[in-house]
Amino acid sequence: MTTPHLGALNEFCWMDVKTHDVPGTTAFLAAVLGWRFAVDEGDWRRAIKISADGHQIGGVSDLSSPLYPPGTPAHIAYYLAVDDVETRTEAAVAAGAQLVLPPFDAGDQGRIATLIDSVGAAFSLWQTHPSNRWSPSTRAPHHMVLACPRPEEARRFYRDMLGTVPSCADFVPMHGCEECSPRWELVVSVDAPDAVAGRARGLGHGVTGGQDVGEQCLSCPDGLRFRIRAAA
C-alpha cells in the first residue's frame with residue numbers, strides 16, 4: 001500500500017508565496033528555514049522557484065505586478081492535486097464553494113481553478129503532471145492545517161469534492177494563535193525547531209505556540225505564516 005504524502009493525488013501539492021516584499025520575504029525564509037530561491041531559467045516567465053531538500057516546493061509572486069488588483073493582501077496560495085479540474089470544480093460548487101477563478105490553462109503546466117470553500121478558506125485545484133508536484137522525498141512540506149470555526153463541515157466539504165478526505169490535512173477548531181479568517185497553512189518539518197525560532201526572532205519576527213504540542217507558528221514578512229514542527 002502506498003503511504004499518503006503531500007503531492008499525491010487528492011492531497012495538497014504546491015504553494016505560491018504572494019508578497020509585496022519579494023527580497024525581504026525570500027531573504028527571511030532562506031535565513032530561517034534554509035530554503036533556496038532562484039529564477040527558473042527554463043521558464044519563459046523567469047519565475048522565482050523555492051527549493052528544499054533539492055526539490056522544488058513552490059514559487060514566489062510579486063503583488064506589485066499589474067496582474068494583481070491594487071491592495072491585494074499578502075497570502076500563500078495552496079494547490080490540491082486533482083484528476084479532473086472541471087469535475088472537481090463542479091463538485092466543489094455543489095458542496096457550497098464560491099468560485100473565484102473558473103478552470104483555465106496555466107501554460108503547459110496543466111489546468112487550475114481557484115475557489116473559497118464552505119467555511120471561507122481559499123484554495124486552488126490543479127490538474128498537472130506529478131513532476132510538477134511536491135515529491136515524497138521532500139521532508140519540508142509535512143502536512144496541511146485548516147483552523148476554522150466548523151472543522152467537521154470543512155472535512156465533509158473536501159470529502160464531497162474529492163470523494164475522499166485528504167490524508168495529509170488536519171481540520172481543527174480555531175483558537176489560540178489563529179486569526180479570524182480561516183486559511184490553509186503548511187506545517188514545515190525542520191531538524192531543530194528551537195534554532196529556527198531563534199533565527200526568526202533574531203530577524204525581528206515573532207514565533208508563537210502552535211495548535212499541537214511541539215508545534216510553533218512562524219510569522220514572516222508581510223504577515224505570512226508557516227507552522228514548524230520537529231522532523232520525525
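**Helix 1 and helix 4**

I began with the axes of helix 1 (residues 22-33) and helix 4, which come within 8 Å and cross at roughly 145°. The axes are lines fitted to C-alpha atoms, for helices over the stretch in contact, and angles run from 0 to 180 degrees between N-to-C directions. Helices (H or I, at least four residues) and strands (E, at least two) are DSSP runs, numbered from the N terminus. I noted the crossing of helix 1 and helix 4 as right-handed. The rule I used: left-handed if the near helix is turned anticlockwise from the far one by less than a right angle, right-handed if clockwise.

I wrote down the source of the model next. This is a predicted model, in which local features need pLDDT of at least 70 and side-chain atom pairs count only at pLDDT 80 or more, while totals for chains, interfaces and linings use all residues. Residues are numbered from 1 along each chain as its sequence is written, and side-chain values use heavy atoms, with hydrogens and water left out.

Which residues meet between helix 1 and helix 4? I found Phe28, Ala31, Val32 and Leu33 on helix 1, and Val196, Arg199 and Ala200 on helix 4. Contact means heavy atoms within 4.5 Å. I sorted the residues of this contact into six nonpolar, no polar and one charged. Here Ala, Val, Leu, Ile, Met, Phe, Trp, Tyr, Cys and Pro count as nonpolar, Asp, Glu, Lys and Arg as charged, and the others, Gly among them, as polar.

**Arg199**

I looked at Arg199 in helix 4. Arg199 is partly exposed, with a relative accessible area of 38%. Buried means under 20% relative accessible area, exposed over 50%, partly exposed in between (1.4 Å probe, protein chains only). Not counting residues up to four places away in sequence, Arg199 touches Ala31 and Val32. The C-alpha atoms of Arg199 and Phe28 are separated by 9.2 Å, though the two residues are 171 apart along the chain.

**The sides of helix 4**

I listed the buried residues of helix 4 (residues 193-202): Pro193, Val196, Ala197 and Ala200. They lie on the same side of helix 4 because they cover an arc of only 100° around the axis. The arc is that of the directions from the helix axis to the C-beta atoms. On the other side, I found Asp194 and Gly202 exposed. Gly204 follows helix 4, with a positive phi near 90°.

**Thr25**

I went back to helix 1 for Thr25. Is Thr25 buried or exposed? Thr25 is buried, at 1% relative accessibility. Leaving out residues up to four places away in sequence, I found Thr25 touching Val17, Thr19, Pro221 and Leu224.

Most residues other than glycine have a negative phi. Asn10 has a phi of about 70°. Asn10 sits in the segment before strand 1 (12-19) and is buried at 15% relative accessibility. Asp53 has a phi near 55°. Asp53 is in the loop between strand 3 (48-52) and strand 4 (55-62), and is partly exposed at 43%.

**The core**

I ended with the largest nonpolar core, of 60 residues, where Trp35 and Trp184 touch the most other members. Such a core is a set of buried Ala, Val, Leu, Ile, Met, Phe, Trp, Tyr and Cys residues joined through side-chain atoms within 4.5 Å. Strand 5 (residues 75-81) gives this core its largest share, six residues. Beyond its neighbours within four places in sequence, Trp35 has contacts including Met15, Ile50, Val188 and Phe226.
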